[in-house]
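Here are a few exercises to work through with the model open beside you. Try each task before you read its solution.

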Amino acid sequence: MTAREVLQIGEPALRRRAAEIPPEAIGTAATQTLIDDLIDTMRAERGAGIAANQVGEALRVCVIEVGDNPRYPYKPRIPLTVLVNPRLEPLGEERFENYEGCLSVPGLRGVVSRHAGIRVRAWDREGNELVREVWGLSAGTYQHECDHLDGVLFVDRVSDPRTLCTWEAFERHHRDAFVEYVGGLVERYGS
Ligand code: NI
């Protein structure tokens, strides 16, 4: 198990659509090691998630976990989740405004419009089918990670570039309002 180097915006590998993992390849040592490395890298970098193409592997697998995360202290918890070949489907028309950051976009955050609810279908690391409905901020995290697998970064989805800010400026000027907004989301969606 190893924390790997996280590719930064500008690396072509971040912009390529990652390939499906055939079901018979999920249990192989190569795939299992990649999953372990993704978990280690996410935890070492204190990310809420990470996708394989962020460590230079063009495969459709990402991991998500939110515990007590100092990067995102307002985020509801998400237990460690491994998604192989995930597919997302919006639940309803509702959207919300999410302040996002990314391990591959150092120093920057920005506001992205996300579906308020999604259904995710994927395989877990044992090859079992995983179907989950996810709402609110957690739904935003799933959408962010699955975007990576299509070569999409959050900055592509920032509709107003004036919302881009450093983490320091976020703390200083935008955090309080966002945390209040997040409180409303959590009340509404439970996550
Ligand atoms: Ni990211």
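**Exercise 1.** Which residues coordinate the nickel ion, and through which atoms?

*Solution.* Keep in mind that this is a predicted model. Start at the ion: the donors are C102 through SG, and H144 and H148, each through NE2, at 2.1 to 2.3 Å. Next, write the donor spacing along the chain, which gives C-x41-H-x3-H. Finally, check accessibility: C102 and H144 are buried.

**Exercise 2.** Work out the strand order of the open sheet, then find what lies across the sheet's strands.

*Solution.* The edges are β1 and β7 (129-135), each pairing on one side only. On average, neighbouring strands are turned by 40 degrees against each other, direction ignored. Zoom in on β3 and β6 (residues 117-123): five bridges join these antiparallel strands, and L88 stands opposite V120 in β6. Then look for a helix: α2 lies across β1, β2, β3, β6 and β7, at about 70 degrees to β3.

**Exercise 3.** Describe helix α1 and say what covers its buried residues.

*Solution.* First, its length: α1 (residues 29-45) has 17 residues and reaches 24 Å from first to last C-alpha, close to the 24 Å expected. Second, its buried residues include L34, I35, L38 and M42. Third, their cover includes β1 (49-51), β2 (61-66) and β3 (78-90). Last, step past the helix end: just after α1, R46 takes a positive phi of about 60 degrees.

Key
Residues are numbered from 1 along each chain as its sequence is written. This is a predicted model: local features need pLDDT of at least 70, side-chain atom pairs count only at pLDDT 80 or more; totals for chains, interfaces and linings use all residues. Side-chain values use heavy atoms; hydrogens and water are left out. Helices (H or I, at least four residues) and strands (E, at least two) are DSSP runs, numbered from the N terminus. The expected span of a helix is 1.5 Å times one less than its number of residues. Buried means under 20% relative accessible area, exposed over 50%, partly exposed in between (1.4 Å probe, protein chains only). Contact means heavy atoms within 4.5 Å. Donors are N, O and S atoms within 2.8 Å of the metal (3.2 Å for Na, K and Ca); water is not among the atoms, so sites may look incomplete. Two strands pair if DSSP finds at least two bridges between them. Axes are lines fitted to C-alpha atoms, for helices over the stretch in contact, and angles run from 0 to 180 degrees between N-to-C directions.
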